[in-house]
Amino acid sequence: MTRIALIRHGATFWNAEGRIQGHADTPLSPEGRAELARLAPPPELRGGTWFSSPLARAVETARLLGHEPQIEPLLIETNWGAWEGLTRAVTTPLSHRIAARGLAGLDFRPPGGESPRAAQDRLCRFFADLERNGPDFAVCVTHKGIIRAALSLALGWDMRDKPPFKLKWRAAHIFVWESGHLRLETANLALPARA
């Protein structure tokens with residue numbers, strides 16, 4: 001059995017502009033850095049081994065929260081292909097066209113990109129490796145798409161509708177992986193103000 005906490009990276013300029021980031025290696029914005037400098041990991045994460053997506057915004061988030069992470073390529077954000085850098089205003093009509101062809105939910109894939117189901121497959125490989133080789137508790141700084149993929153996997157949510165509840169993004173979400181199955185232990189565990 002392995003416990004896994006997932007934390008989303010801090011804010012970037014592209015977040016503020018409503019741009020899809022995907023694999024684009026966008027840095028944290030000054031506002032994102034300032035916000036993280038005021039926050040700390042919750043005490044429930046003590047003793048965890050820290051990992052991070054290889055993208056700069058995730059690595060810097062882990063460091064600003066006081067930890068030097070191990071880089072894990074399988075934690076990288078979902079690949080949005082040709083849509084990376086575009087705004088939601090541009091991609092929303094395209095999303096509707098793709099969904100109208102029956103390619104919604106877990107199998108939704110932008111041109112040249114990756115589906116949530118493929119992101120889940122990556123996560124399962126990482127979680128299975130943790131279960132085999134340790135550590136028993138991993139704290140992972142990653143991305144919104146990856147956290148949503150984990151939530152889908154744990155709850156059986158097919159991503160065709162809104163999630164079963166609202167996820168907070170300045171929070172940790174703790175899952176348990178055991179024998180090939182993922183379950184949600186705690187969602188929306190707030191990152192407290194730094195003492």
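User: Is Thr12 buried or exposed, and why?
Analyst: Thr12 counts as buried, because its relative accessibility is 2% and the cut-off for buried is under 20%. Keep in mind that this is a predicted model.

User: Ok, and where is Thr12 found?
Analyst: Thr12 is in the loop between strand 1 (2-8) and helix 1 (13-17).

User: Which residues does Thr12 touch?
Analyst: Leaving out residues up to four places away in sequence, Thr12 touches Gln21, Thr26, Pro27, Leu28, Ser29 and Arg57. With Gln21 there is also a polar contact of 2.7 Å, joining the two side chains.

User: Which residues are on each side?
Analyst: Phe137, Val139 and Val141 are on one side of strand 4, with Ala138, Cys140 and Thr142 on the other. Both faces are covered.

User: What about strand 1 and strand 4, parallel or antiparallel?
Analyst: Strand 1 and strand 4 pair in the parallel sense, over six bridges. As one example, Arg8 has Thr142 in strand 4 as its bridge partner.

User: And how many bridges for strand 2 and strand 4?
Analyst: Four, again in the parallel sense; strand 2 covers residues 49-52.

User: Which residue in strand 4 does Trp50 stand opposite?
Analyst: That's Val139, one of the buried residues of strand 4.

Technical notes: Residues numbered from 1 in each chain as written. Predicted model: local features only at pLDDT ≥ 70, side-chain atom pairs only at ≥ 80, totals over all residues. Heavy atoms only, no water. Helix = DSSP H or I, 4+ residues; strand = E, 2+ residues; numbered from the N terminus. Buried < 20%, exposed > 50% of the residue type's maximum accessible area, 1.4 Å probe, protein only. Polar contact = N/O pair within 3.5 Å; in protein donor to acceptor, adjacent residues only side chain to side chain. Contact = heavy atoms within 4.5 Å. Pairing = 2+ DSSP bridges.
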